[in-house]
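The following paragraphs lead the reader through a structure, beginning with a point of contact and then turning to the chains themselves. Please keep the sequence and the model in view while reading.

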Amino acid sequence: MRNIDFIGKRGIFGVVSIILVITSIALILTKGVNKNVDFAGGTQLMVKFADPTVDVGAIRGLVSQIDSKASVYDNKKASVFDAAITSGASFTVKIKNPDVEKGKEAEASLDRLHKLEFVFASMNNDEKQLIDLLSDLSAEKIAASLESENPLGLSGLDTEVANAYKTLADTVKANLAGSETIAQLAEKVDVERSTKVEQGLRLAFPSINRVTKDFLNAMLKKFNPLGRARSADYVDIAKQVLSFREEHGDFILKFEDMLPSIVVAEGEDAAQLGVFFHDHFTLGTYNITSNETFSPSIAAEMLNKAWEAILFAIIGILIYISMRFTMGYAVASVVALMHDVIIALGAFSLVQAELSNPVVAAFLTIVGYSLNDTIVVFDRIRENIKNSRKGDLAALMNQSINQTLSRTLVTSLTTFVVVMVIFLGANATLRDFAFPLLIGIIVGTYSSIFVASPVLLFWSNKIRSINNDK
Amino acid sequence: MRFRWIIILLAILASLFHLFKTADGEDGFLSKELNIRYGLDLQGGIFMQLEVDTEDAIRQYIEEQAGSIKVNMETAGYTIGIAEPYPEEKKILFKDTSAPEGESVYDKLKDDYSNWIVDQTDEGIVVSPRSRLVTNVQEDAINQTVYKIQNRIDELGVTEPSITRALNSNRIILELAGADDVERVHNIVKEPGKLEWRLVHPPSVTAALTEVELLAPFGGNVPAGTRVFPNISQGGQTAYSLLEEVILTASNIRDVYHSRDNNGMPAVGITLDRSGNLIFSSVTKDNIGNNLAVVLDGKIISAPNIMTHLTDPRFIITGQFSEREVGDMVVKIKSGSLPAEVRILEERVIGPTLGRDAIQQGGRAAGLGLILVAVFMLIWYRRAGFYSVIALVLNLILIAGMLSALGSVLTLPGIAGFILTIGMAVDANVLVFERIKEELKTGLSVVRAVDAGFKTAYVTILDANITTFIAAFCLLLMGQGPIKGFAVMLMIGIISSIFTAVFCSRTFFLAYLGDSKHKTITIWPMFGSTPVE
């Protein structure tokens, strides 16, 4: 029978733990714990480019002009599984806590999105594509697209609305020469409503690489290139376009590549579909895969809720353990638990990782996990106290820890292995989540052996003997 | 013993049934895809949390009412010199007032505006809304915003939009699966609905017709100078054709409110502004007996018949309305103007590729995790380990089945929870196996050691898991969308792993040892010495 004297060496481990906890607290207080956008407020956005050579430095330079607080990360090194899945280049842009007037967060976030879109578009000159498309199209076609979008929010007689957009389209055509960007063009077309005109042009001629299935279907229905019945939908076509895009690395590079693989119903003219795509879409070279914005008020609220959740969990567990065991066990397990959470938070601060909602979930899992181990040991201590006549608590504890040691190690190992797999294999969100768990497992295993029982012994010797409790 | 197998079999069948149950409208007996709903973070879409500024709604209401009460009082023959709104203090001050012989402005206001507190002060008469009215105005502002969004959401072509009001709050949660057009959503949320009044053509309508029936007399074509609008005032797919000319818009309406007709039946009351009244007066004069449609965002919400020439800026729309219908209509017409500022607290736009990649990565991670754990268990516990691996696989099937049966959504953190469960679920088995080993070392027979191992470890397993369950429950209460998915997954995983690791694997042991040929079971590691046989 293996018998390691854990309790006898509790002094050494006690010092180690105290040093670790104090270092962690010092780290948390001095370096602080970084907060991600969901707790700090701000925007986090992921973008993917068709062109794998897009350089992180180039984007960083342009994005920092939009907001000096912006940071850009290259997602390439994100996952060991990614190589097989992702082609092209992918980046994350974070803008934390931007200076925004209260109540104007929505406008600001949209404005930020527009500016970022402009930066992304400039990487491969998408802007020119739209200008070229407008040059190719007749004023009538531009007018029809604008009218269905109605960016100026015109109302009244249909003919009046149509005329207004025809005039607008004519002005657009007249000013195309010499305009390098859509913003410049819109400025020339209508100074007062230039933003609306610019938005309208972008919305009326979207990038095929950014449209969703539902939107593509709605657009096809509106312009009805295949002459289907009024109520018929175009889900079949939209689905084919999107699956083609998906099979080709999420980007359609040429309409000519895609069109032959689209199957239309019998009697329908596939060529019309080709005309439709050419007339209404650009081939954008980037794709925003996610865009999350949190206002400062909701961010503060979330952070509060997160602390509440952790606090409630600790109180709930304390009550449960004091019911199932006695107060001494409950206090000892909570001490071990705080020890784990503080050290995990300290490690978090050390590597400057960011606190976010998934991370709080991970911390709560640490709370549960750390207790899991501790309770297994305590359960055995209680059982051994019951079965033994002689009352040397320290020896009984040591015996209990040794008895449960292989279980503790095996479970920690299996859990550690799968969390490691998440850490190495999954995407950025899940990696943030797996990192504190990895630390939590190591510290939790350590504390259930070296912290929880000595604290229980201390409580029993100094405050109230647990031998006499039921 | 047979009883145990039946329970296990039933659990598996129930899980598989839920997982492969064909959805409504799907052909065949088995569904081609797993019946698991993905959260917005996995399938892609827009999530928005909005806040309606209800204080702003009150401010706007006070400003509106200052003018409106003045007009109404003056129509009734009273004079109100100045109506000064104080939006911040929630009050209106009426100065330089006078009343016809034998009447008093104070009494008239008290009688007509029972929802207001009327006070005579040195400066003049001060009215302020009662708290009941304040609540109503705030509620209306939220309902109008919800309605406006609901009504315009099909502009986005989203198939299953979800717009819910967070319970007892001024928050609105918008979930649009498959959408990513954040610009349009902003427009829908921030801009007022488009409200128009147009004459029906042919002028008088007796019964609601479908579009085909409506156009039949015209050879299926839309008559010149008219447009066909869908009619949502009654159920069914009916439509009216309306004249292209717009008579009034939301800008001509001063106020919309609950009212009653002469018989005390519920009706919609409308007060127009001056120019609106002039137009309306001339239109009603020429169109008695004809129908006038109220069109909101391109849909007809009501098409009442004009009964008389209306000269009063205040009039009512009657019909066989219930209180509820009137309330709805007031909300709908009001949503043509912005009742209050709407703030976007949180917006998440997730493209479909992100979730797809995450599911693939998660699947690979889960597979790899499962293989690593299984290999370890087989080496470390051999036959016993083999049983725990079977229990683990069973566990994963049951978790998926429970997720499907509960109808809860799988989120990105939920995937992490699922993978984590693979590592933690074997814990219960490890506890049991280590206990069995100990019992074997004390010299117990295999059958009795197994029995004792399961029995004593059971209490520990429960205690340890309930604490994790409490932590997961707190996480669930914290209530952030995707994280909730993690909490649910953890809770399901705990319940399921207790069942599989304790009940199922014990059944496997019992079945194996029940056969008299098997006197012992391999539970010691493959390498190294075996302390007891």
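**Where the two chains meet**

In this predicted model, Phe294 of chain A stands opposite Glu346 of chain B, which belongs to strand β18(B). The strands concerned are β5(A) and β18(B), the latter covering residues 342-350 of chain B; five bridges join the two, and they run antiparallel.

The contact between the chains extends over 75 residues of chain A and 75 residues of chain B. On the side of chain A that touches chain B, the elements giving two or more residues include strand β5 (286-294) and the helices α5 (105-123), α10 (194-204) and α11 (213-223). Helices α15 (296-324), α17 (357-387), α18 (393-425) and α19 (428-450) of chain A are also among them. Which element gives the most to this side of chain A? It is α18(A), with 13 residues. Sorted by class, the side of chain A that touches chain B holds 37 nonpolar, 28 polar and ten charged residues.

**Chain A as a whole**

Chain A contains 20 helices and six strands. Its domain assignment gives domain 1 (10-38 + 295-462), domain 2 (44-124) and domain 3 (213-284). The centres of domain 1 and domain 2 of chain A, taken over C-alpha atoms, are separated by 36 Å.

The C-alpha trace of chain A spans about 100 × 50 × 40 Å along its principal axes. Its radius of gyration is 31 Å, whereas a compact globule of 470 residues would have a value near 23 Å. Of these 470 residues, 46% count as buried. Among the contacts in chain A between residues at least 6 apart in sequence, 75% join residues at least 24 apart.

One residue of chain A deserves a separate look for its backbone. Gln352(A) has a positive phi of about 55 degrees although it is not a glycine. This residue lies in the loop between α16 (327-350) and β6 (354-355) of chain A.

**Chain B as a whole**

Chain B contains 13 helices and 18 strands. Chain B is divided into domain 1 (2-40 + 351-514) and domain 2 (66-129), and 70 Å separate the centres of these two domains, taken over C-alpha atoms.

Along its principal axes, the C-alpha trace of chain B spans about 110 × 70 × 40 Å. A compact globule of 533 residues would have a radius of gyration near 24 Å, but the value for chain B is 35 Å. Buried residues account for 46% of the 533 residues in chain B. Of the contacts in chain B between residues at least 6 apart in sequence, 69% join residues at least 24 apart.

**Strands and sheets of chain B**

Three strands of chain B form an open sheet in the order β13-β14-β17, with antiparallel pairing. Strands β13 (253-260) and β17 (314-317) of chain B are at the edges, each pairing on one side only. From one strand to the next, the twist averages 25 degrees. Strand β14(B), residues 266-272, pairs with β17(B) over four bridges in the antiparallel sense. Within β17(B), Arg314(B) is the residue that stands opposite Thr271(B). Helix α3 of chain B (residues 54-75) packs on this sheet, where it touches β13, β14 and β17 of chain B, and its direction makes about 70 degrees with that of β13(B).

Elsewhere in chain B, strands β6 (residues 161-165) and β7 (residues 171-177) run antiparallel and are joined by five bridges. The bridge partner of Thr164(B) in β7(B) is Ile173(B). The hairpin of β6(B) and β7(B) has five residues between the strands, and Asn168(B) in this hairpin takes a positive phi near 50 degrees.

Asp96(B), found in strand β3 (residues 91-98) of chain B, also has a positive phi, of about 50 degrees, although it is not a glycine. With 10 other C-beta atoms within 10 Å, Asp96(B) is exposed.

Methods: Residues numbered from 1 in each chain as written. Chains lettered and ligands numbered in written order. Predicted model: local features only at pLDDT ≥ 70, side-chain atom pairs only at ≥ 80, totals over all residues. Domains from an automatic or database assignment. Rg over C-alpha atoms; globule rule 2.2 N^0.38 Å. Buried ≥ 20, exposed ≤ 12 C-beta atoms within 10 Å, placed from the backbone. Contact = placed C-beta atoms within 7 Å. Nonpolar A, V, L, I, M, F, W, Y, C, P; charged D, E, K, R; others polar. Pairing = 2+ DSSP bridges. Axes fitted to C-alpha atoms, helices over the stretch in contact; angles between N-to-C directions.
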